[in-house]
Amino acid sequence: MPLPNSTDCERDAVLSVRDLSVAFGETVVLDRVSFDVLRGEILGFVGATGGGKSVLLRTVLGLHRKTSGTIHLLGYDTDRLTDDERMGIDMRFGVLFQQGALFSSLTLLENIQVPMREYLDLPQRLMDELALLKISLVGLSPDDAGKFPSELSGGMIKRAALARALSIDPDIVFLDEPTSGLDPIAAAEFDELVAKLRETMGLTVYMVTHDLDSLFSVCDRVAVLGNKRVILEGTIEDMLHSEEPWIKAYFRGKRARQLDLAVRGMNSKASGTVNESTRLTTSRRSVRTPR
Ligand SMILES: Nc1ncnc2c1ncn2[C@@H]1O[C@H](COP(=O)(O)OP(=O)(O)OP(=O)(O)O)[C@@H](O)[C@H]1O
Ligand SMILES: [Mg+2]
């Protein structure tokens with residue numbers, strides 16, 4: 001449903017947040033935050049630790065109360081939803097929470113089936129088939145289906161949480177720090193998986209991340225949260241050209257430069273061969289514009 005009086009950009013927005021403020025008691029965490037997530041894009045959300053990225057994500061999902069502002073999700077004003085519309089919207093997004101949040105007493109297969117049980121009325125055999133499909137989609141083995149979260153590695157838990165987020169084929173997935181705690185190769189594989197899912201399933205992805213590699217390699221656009229609001233929303237190129245002090249330090253600071261120099265050094269040695277370590281540079285060249 002298009003937004004009334006919307007611009008072309010807003011018409012293509014799966015999520016549109018305007019002047020959103022959130023406070024816990026006297027403490028204001030978000031102050032008039034505005035941004036869009038466009039259909040089919042991977043938007044990376046960055047900002048200082050404790051800056052409010054998870055609170056923002058949870059507020060968009062209706063888990064925190066906002067003080068003011070509007071949230072249009074999948075074309076609906078979330079303040080004006082009927083119960084049926086709320087349920088319809090809840091079925092169209094998946095979430096990977098920062099803390100994983102798998103149920104420890106349920107197996108991997110059962111965890112993936114939680115959203116199916118909540119929203120769909122399917123026979124057990126079909127749910128088993130669908131859950132096994134998601135398990136293979138995220139690169140886990142059918143042998144893992146009966147394992148409990150405590151029997152999975154950190155990387156497997158991220159994939160399991162992604163499989164659960166994809167459980168009922170959502171239009172948009174919200175990923176909160178999906179690659180934190182993973183080694184660089186596992187993180188790169190996870191990024192590739194997200195990019196592949198976007199291509200094959202036409203997903204829209206909202207990804208909170210501190211991982212510079214993820215931002216450079218898979219994100220179409222980036223939104224930066226600073227001083228309690230979105231201070232810049234744009235492509236990686238826009239970030240690299242920004243003179244805003246935090247953005248400059250983040251994207252052109254010592255760590256970013258070290259990564260870039262390391263990659264350039266490897267490229268000149270490898271004379272054109274592309275491996276995991278070169279993804280930063282290659283992706284910079286191929287930064288996509290949102291569709
Ligand atoms: N339920 C809550 N009640 C009160 N304060 C909260 C609550 N949840 C978060 N906060 C506060 O809101 C602020 C933002 O927290 P948030 O978790 O959104 O940060 P973040 O940007 O996700 O940080 P990180 O990068 O470390 O994950 C913090 O000061 C935090 O203590
Ligand atoms: Mg967080």
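Visitor: Where is E177 in the chain?
Guide: You'll find E177 in the loop between β7 and α7, with α7 covering 184-201. Bear in mind that this is a predicted model.

Visitor: What's the phi of E177?
Guide: The phi of E177 is positive, about 55°, although E177 is not a glycine. For background, most residues other than glycine have a negative phi.

Visitor: And is E177 buried or exposed?
Guide: E177 counts as buried, because there are 20 C-beta neighbours inside 10 Å. The cut-off for buried is 20 or more.

Visitor: OK, what about D169, where does that one sit?
Guide: D169 is in the loop between α6 and β7, the strand at 172-176. D169 has a positive phi too, about 50°, and is not a glycine either.

Visitor: Buried or exposed for D169?
Guide: D169 counts as exposed, since its C-beta neighbours inside 10 Å number 12. Exposed means 12 or fewer.

Visitor: Switching to helices: how do α4 and α6 pack?
Guide: Helix α4 spans residues 108-119 and helix α6 spans 154-165; their axes are 8 Å apart, at an angle of about 30°. That angle makes α4 roughly parallel to α6, because angles under 35 degrees fall in that class.

Visitor: Is the crossing left-handed or right-handed?
Guide: It's a right-handed crossing where α4 passes α6.

Visitor: Which residues meet there?
Guide: From α4 you get L108, N111, I112, V114 and P115, and on the α6 side they meet A160, A163 and R164. Sorted by class, this contact of α4 with α6 has six nonpolar residues, one polar and one charged.

Visitor: Now the ligand. Which residues are around ligand 1?
Guide: The shell around ligand 1 consists of F24, V29, G47, T49, G50, G51, G52, K53, S54, V55 and Q98. Helix α2, residues 53-60, gives the largest share of that shell, with three residues.

Visitor: How does the shell around ligand 1 divide into nonpolar, polar and charged?
Guide: Seven residues of that shell are polar, three are nonpolar and one is charged.

Visitor: Zooming out, how many helices and strands does the protein chain have?
Guide: The protein chain has 12 helices and 10 strands.

Visitor: And what percentage of the residues count as buried?
Guide: 34% of the 291 residues in the protein chain count as buried.

Visitor: Last one: what share of the contacts comes from residues 24 or more positions apart?
Guide: Taking contacts in the protein chain with a separation of 6 or more, residues 24 or more positions apart account for 65%.

Definitions and conventions. Residues are numbered from 1 along each chain as its sequence is written. Chains are lettered from A and ligands numbered from 1 in the order in which they are written. This is a predicted model: local features need pLDDT of at least 70, side-chain atom pairs count only at pLDDT 80 or more; totals for chains, interfaces and linings use all residues. Axes are lines fitted to C-alpha atoms, for helices over the stretch in contact, and angles run from 0 to 180 degrees between N-to-C directions. Helices (H or I, at least four residues) and strands (E, at least two) are DSSP runs, numbered from the N terminus. Angles under 35 degrees count as roughly parallel, over 145 as roughly antiparallel, 65 to 115 as roughly perpendicular and the rest as oblique. A crossing is left-handed if the near helix is turned anticlockwise from the far one by less than a right angle, and right-handed if clockwise. Two residues are in contact if their C-beta atoms, placed from the backbone, lie within 7 Å. Ala, Val, Leu, Ile, Met, Phe, Trp, Tyr, Cys and Pro count as nonpolar, Asp, Glu, Lys and Arg as charged, and the others, Gly among them, as polar. A residue is near a molecule or strand if its C-beta atom, placed from the backbone, lies within 6 Å of it.
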